[in-house]
Amino acid sequence: MTLPSAPFEVPDAASEPERDAPAGIVDRHCWREAVTRKIPSLRAFAWSLSRNSADADDLVQETLTKAWTYRDRFEAGTNLRAWLFTILRNSWYSSVAKRSREIADEEGRHAARLTAEGSQEWTVELHALKVALDDLPPEHREAIVMVGAAGLSYEEAAEIAGCALGTIKSRVNRARNRLAEAMDMPRGAY
């Protein structure tokens, strides 16, 4: 009795590119099957980059997610393995760049040193200023806004308001005094 020659023939590396370049992956089943066959190679490549099993698994998962999301961009007849490896490599470099901007701070020491000036005081003062402006007579409010906030000259403000130069100066002065009083500021502090 003779044994059949090579009943379990193992494909050699030369036959691999034929499987890498399927002509026309059309339906989901074929796509999923072709990509699934590449997972061991993807995992090996991911481990060679990250040197960590958990990171390699995360990287492969991210690669598969991106490949599935952008499967319509894969050109039938091109090298699927190269396309997947490119996605994996780009994802790796993106994560390395992101990690370089991050600070490891498990114990919170760095975060404890960070401070930010509170904005509550400014919010309260801004609200008080708004209330004080609303309490001014309309012509005084208009004058102080044109000269103080908009930066117009007295002459320009007088022309816009349709009044004499002295009148606009008087309105601005009275508005400043009333605002200072309402904001508990000493006169002339503005």
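Arginine 51 is exposed, with a relative accessible area of 56%, where exposed denotes over 50%, buried under 20% and partly exposed the range in between (1.4 Å probe, protein chains only). This residue lies in the loop between α3 and α4; helices (H or I, at least four residues) and strands (E, at least two) are DSSP runs, numbered from the N terminus. Although arginine 51 is not a glycine, its phi is positive, at about 60°. Most residues other than glycine have a negative phi. The model is predicted, local features need pLDDT of at least 70, and side-chain atom pairs count only at pLDDT 80 or more, whereas totals for chains, interfaces and linings use all residues. Residues are numbered from 1 along each chain as its sequence is written, and side-chain values use heavy atoms, with hydrogens and water left out.

Contact (heavy atoms within 4.5 Å) involves, among others, Leu42, Ala46 and Trp47 of α3 and Ala56, Leu59 and Val60 of α4. The residues of this contact comprise nine nonpolar, three polar and three charged; Ala, Val, Leu, Ile, Met, Phe, Trp, Tyr, Cys and Pro count as nonpolar, Asp, Glu, Lys and Arg as charged, and the others, Gly among them, as polar.

The largest nonpolar core contains 17 residues, and Trp31, Leu42, Ala46, Leu80, Trp83, Leu84 and Leu88 have the most contacts inside it. Such a core is a set of buried Ala, Val, Leu, Ile, Met, Phe, Trp, Tyr and Cys residues joined through side-chain atoms within 4.5 Å. Two or more residues each come from α2 (28-36), α3 (39-50), α4 (53-69) and α5 (80-100), with α5 giving the most, seven residues. Beyond its neighbours within four places in sequence, alanine 46 is in contact with Arg51, Ala56, Leu59, Val60 and Leu88.

Serine 91 is found in helix α5 and counts as buried, at 2% relative accessibility. Not counting residues up to four places away in sequence, serine 91 touches Leu59, Glu62 and Lys66. The C-alpha atoms of serine 91 and threonine 63 are separated by 7.2 Å, with the two residues 28 residues apart along the chain.
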